[in-house]
Amino acid sequence: MSIERKCAICGTIFMANKYRPNQEVCSNIECQYRRQLDNMKKWRQKNPNYFKYKEAQDKSWKETCRQRSLEWRKKHQEYLKLYREEHRNRHRDYMRDYMRRYRKKKEKMEHGDSVY
Ligand SMILES: [Zn+2]
């Protein structure tokens with residue numbers, strides 16, 4: 001049985017996985033990414049001293065931190081790449097449409113005997 005839910009970010013209705021009935025975000029990559037950022041932010045707010053504490057506890061913590069941020073950056077870059085590709089396609093379609101309309105309008109204006 002699936003549960004119908006509304007995405008907390010984009011508002012799309014989606015079917016929640018029956019194993020995760022509390023899922024709040026659809027499977028859209030942008031929404032998933034934002035949810036991750038949100039989770040991180042919330043977690044940091046709940047554990048404001050976590051990083052400081054760990055650093056004092058463990059000398060290798062800095063290395064772990066560095067490793068993590070490298071991993072995160074890699075993921076982030078993958079996301080950005082996907083996003084840019086999608087955006088580029090959209091922009092290209094938009095420009096093609098725009099130019100088509102522009103040329104039509106121009107033609108009409110040059111052969112002044114039409115609509116005007
Ligand atoms: Zn969504």
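This is a predicted model: local features need pLDDT of at least 70, side-chain atom pairs count only at pLDDT 80 or more; totals for chains, interfaces and linings use all residues.
Donors are N, O and S atoms within 2.8 Å of the metal.

**Entry 1: the zinc site.** I looked up what holds the zinc ion. Its protein donors are the SG atoms of Cys 7, Cys 10, Cys 26 and Cys 31. They lie 2.3 to 2.4 Å from the ion. Along the chain, these donors follow the spacing C-x2-C-x15-C-x4-C.

**Entry 2: the geometry.** Why is the arrangement around the zinc ion called tetrahedral? I checked the angles that the 4 donor atoms subtend, and they run from 104 to 114 degrees. For four tetrahedral donors the ideal angle is 109.5 degrees.

**Entry 3: the cysteines.** Are Cys 7, Cys 26 and Cys 31 buried or exposed? Buried means under 20% relative accessible area. Cys 7 is at 4%, so I note it as buried. Cys 31 has 3% and is buried. Cys 26 has 6% and is buried as well. I also looked for disulfides and the structure holds 0. A disulfide is a covalent bond between the sulfur atoms of two cysteines.

**Entry 4: Gln 32.** I moved on to Gln 32, which sits in helix H1, residues 29-46. Gln 32 counts as partly exposed because its relative accessibility is 22%. Its side chain makes a polar contact with the side chain of Arg 35, at 3.0 Å. Leaving aside neighbours within four places in sequence, Gln 32 is in contact with Val 25, Cys 26 and Ser 27. I then checked Ile 9, which is 23 residues from Gln 32 in sequence. The two are 9.1 Å apart in space, C-alpha to C-alpha.

How values were computed. Residues are numbered from 1 along each chain as its sequence is written. Side-chain values use heavy atoms; hydrogens and water are left out. Helices (H or I, at least four residues) and strands (E, at least two) are DSSP runs, numbered from the N terminus. Buried means under 20% relative accessible area, exposed over 50%, partly exposed in between (1.4 Å probe, protein chains only). Contact means heavy atoms within 4.5 Å. A polar contact is a pair of N or O atoms within 3.5 Å; within protein, one must be able to donate a hydrogen and the other to accept it, and residues adjacent in sequence count only if both atoms are side-chain atoms. A disulfide is a pair of cysteine sulfur atoms within 2.5 Å. Donors are N, O and S atoms within 2.8 Å of the metal (3.2 Å for Na, K and Ca); water is not among the atoms, so sites may look incomplete. Four donors count as tetrahedral if all angles lie between 85 and 135 degrees; four count as square planar and six as octahedral if opposite donors are over 155 degrees apart and all others between 65 and 115; anything else is irregular.
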